[in-house]
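Please look over the structure shown below before reading on. The notes that follow are a short briefing, grouped by topic.

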Amino acid sequence: MIHVGENSWNLRIFITDLALEKTMRVRGDQHIGGIMLQLVDPENPKDWSDHALWWPARNVWLSRTKLTLDQYGVQADSLLHFTPMHKILRVQLPDLRYLDCRVDYSVKTFSAVVNLCKQLDIRYPEELSLCKPLEAEHLKRNFAQLPHQKRVPIAEPDGTTYLQPAADTNSFVPISTSFHGEGGSTGSLDKPSAPGSFFCAPLSPHNHRARSPMRAVSPAPGTWKQSQLGYATYDSSSSSLGDFQENLASSPPTPCADVRALLLRPKSLVEKARLNVGWLDSSLSIMEQGIREYDTLCLRFKYFTFFDLNPKCDQVRINQLYEQAKWSVLNEELDCTEEESLMFAALQFQVNHHVNHTPQGGAVDSGIETSSQENDNEDEIDSALKELQITLEGPDYGGDSRDITRIPELSDYLRYLKPQRFTLRGYKRYYFTYRDLHLHLFKNAEESRRVAPAISINLKGCEVTPDVNLSQGKYAIRLEVSPEDGHGTNSEVWVRCENEQQYAKWMAACRLAAKGRSLADSSYESEVDNILSLLQMQRPAHGVHVNIDPRSVEAIDYLSPKILRKLSNKAVQRILEAHANVRELNALDSKLKYIQAWRSLPDFGVTLFVIKFDGHRKEELLGVAHNRIMRMDLSSGDHIKTWRYNTMKAWNVNWNIKCMMIQFEDENVVFSCHSADCKVVHEFIGGYIFMSMRSKDNNQTLNEELFHKLTGGWS
């Protein structure tokens, strides 16, 4: 017992579960753990193990229980909250469904995502993160132009609104009704209006009429509860994890109109860059970033390096990745040609066809053939041994014997063009040879054996972009080559092929050379086959009998608005013609083909930011990819210069002026980010470097400390 006059003072603590405020007599040298023990009422037994002290005015958890009040800076005018660390978070999955999940609000966001993905059966959780839902208003102005506040009003469970210190990254989102509810977040004190009922947070954060008391009689465990919006939330009390995974491994063909109306469609490169303002800071807790119980966050794949996609154990991961890819195409976040859009539509139609024909209550079609396994159990062992052999030795391409002492080369007649402004020069025919990661151009085949090449191009580190139009017979490759001395801007080169076979060989060679790999690499032949298969899927199958009623197909569900306007009344017929190429695929193979085609798009995996370089007046784009960053033109998106991570020595952030400096071997790059906080850019670069350090070791554990060291921005 502490008495008055012993350097003690009164401390107010609000217990959220009891809606009760207590006043305790404390001293500054008391540690946090002892104060929490004094809060526990022995006459009212309750499990308080999940509770901790939260300081609303400072926006911080007092999680280090061995520290004292003086060390935390708690004084007599402070009000602390004794509240659960695990709270209900509404999570929107990539397939646009909402889940009410119990998430730890006190740990770093990265750890919270790891635990969440473990519940959802999604491997490699480091590839995902949480982001705040954006509205159309957020795409109209840059983050730097939004009215910033050093202190942000947040409503707490006791009904008090505190002006809390804004987090480093997330002060951009205004506290709006669409994010926190009509009256702000109600925290962990949502009470039923009648005995025997409990509150269930609304399935849509934008439809608050659905927020009504729900009867204690709930659906059977392991089922999806239907909402007024036609969508569902999962009953997490299910004891059948298998049913849960099956539901997440297969999504409804189309979302309801209300959910789809909230999707954002960027109309320019600048708006695409502004989409990346919502990512949470992985090194801060969810609570510290203004998120309260029953608020909504979006779970998305953040880093576009998908490690070890395995159809046997990644059905949920593949489905959610497919859904994110699908909506990025339909919302025009990535540019697609007409043929590519129809190919995506055909694969999506094939997936929906399998979903619609899956028997209710039956197992979800995994796409993995099991009949042979039932007949002979040894087939599974043989398949595993063959897969292991391919992994160790590389694929066997027809059993042809190769001279492993000689590096393969390519040579053929192609057309070459170096585009320049204000000129009408056309393609010129050259004899191309490819060896040692270089393209050598000669006037003819005879000169290649006796004279020096007329033009030589170093392909290592270059940007390779396909430029294909099947209807026009156009098979071109666009190369953006870095200068030999490392200074200056990239130079653009166009190479045009005569047919599909020629294009596939040279395109595969250029892609491997850009990564520093020669034709001797075991993935060359598979790369050629993948390119040919994608081209084949884009070619319409004319004259094929289609036994599907066109009136049952809604083109708006399969094509982006731009392609839909272009095709007009012919859209459904073109989708069905393209579907003839993929009608034999099962659901899982269709999703994998979709992801493969998505990853082959020119703009895939490039996260954009609006920046301003030090010493420059105009804004430019910075593209961050898995192995490089690019300086890009703001209006056209043309690559001005490319820097590879393997030439990077260090990167630093000046938090006072929000400026970032990256040190390369030959120069230093200094810029400020206008479309998001510089911490977001810092985290993307550090995150991709962390992803590149992963290995296929089965015993590999996730090194969270290394992730935070690379992305945290603090030494």
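How many salt bridges does the count come to? In this model, which is predicted, the count comes to 34 salt bridges. The chain is built with 18 helices and 29 strands, and buried residues make up 51% of its 715 residues.

**The chain as a whole**

**Salt bridges around Asp467**
- Asp467 has a salt bridge with Lys474, in which the two side chains meet at 3.0 Å from N to O.
- Asp467 also forms a salt bridge with Arg478, where the closest N and O atoms are 3.3 Å apart; this pair links distant parts of the chain, since Asp467 belongs to strand 20 (residues 463–469) and Arg478 to strand 21 (residues 474–481), 11 residues apart.
- Asp467 counts as buried because its relative accessibility is 16%, which falls under the 20% cut-off, whereas Arg478, at 29%, counts as partly exposed.
- Arg478 takes part in a further arrangement, as its charged end sits over the ring of Trp494, 4.3 Å from the centre of that ring.

- The side chains of Lys679 and Glu683 meet in a salt bridge at 2.8 Å, N to O, and both residues lie in helix 17 (residues 678–692), 4 residues apart, which is about one turn of the helix.
- Both partners carry charged side chains in this bridge, yet Lys679 counts as buried at 1% relative accessibility, and Glu683 counts as buried at 2%.
- Elsewhere, salt bridges that share partners join Arg123, Glu126, Glu127, Asp308, Asp314, Arg317 and Arg694 into one network.

**Aromatic rings**
- The structure holds 27 aromatic pairs; one of them is formed by Tyr303 and Tyr688, whose ring centres are 5.3 Å apart and whose planes stand at 80°, so the pair is edge-to-face.
- This pair links distant parts of the chain, with Tyr303 in the loop between strand 15 (296–301) and helix 8 (315–330) and Tyr688 in helix 17, 385 residues apart.
- Tyr303 is buried, with a relative accessible area of 1%, and Tyr688 counts as buried at 1% relative accessibility.
- Phe690 and Phe707 form another edge-to-face pair, with 5.4 Å from centre to centre and 85° between the planes; Phe690 is in helix 17 and Phe707 in helix 18 (residues 704–711), 17 residues apart, and this pair, too, links distant parts of the chain.
- Phe690 counts as buried at 5% relative accessibility, and Phe707 is buried with a relative accessible area of 1%.
- Ring pairs also link Trp279, Tyr303, Phe609, Phe684 and Tyr688 into a cluster, and Lys302 lies over the face of Phe684, at 5.0 Å from the ring centre.

**The surroundings of Ser129**
- Ser129 is found in strand 8 (residues 128–131), and at 4% relative accessibility Ser129 counts as buried.
- When its neighbours within four places in sequence are left aside, Ser129 is in contact with Val113, Trp279, Ser282, Cys298, Leu299, Arg300 and Lys302.
- Among these contacts of Ser129 are Trp279 and Lys302; Trp279 belongs to the ring cluster, and Lys302 is the residue over the face of Phe684.

How values were computed
Residues are numbered from 1 along each chain as its sequence is written. This is a predicted model: local features need pLDDT of at least 70, side-chain atom pairs count only at pLDDT 80 or more; totals for chains, interfaces and linings use all residues. Side-chain values use heavy atoms; hydrogens and water are left out. Helices (H or I, at least four residues) and strands (E, at least two) are DSSP runs, numbered from the N terminus. Buried means under 20% relative accessible area, exposed over 50%, partly exposed in between (1.4 Å probe, protein chains only). Contact means heavy atoms within 4.5 Å. A salt bridge is a side-chain nitrogen of Lys or Arg within 4 Å of a carboxyl oxygen of Asp or Glu. Rings of Phe, Tyr and Trp (its six-membered ring) pair if their centres lie within 6.5 Å; planes under 30 degrees apart count as stacked, over 60 as edge-to-face and the rest as tilted. A charge sits over a ring if NZ of Lys or CZ of Arg is within 6 Å of the ring centre and within 35 degrees of the ring normal.
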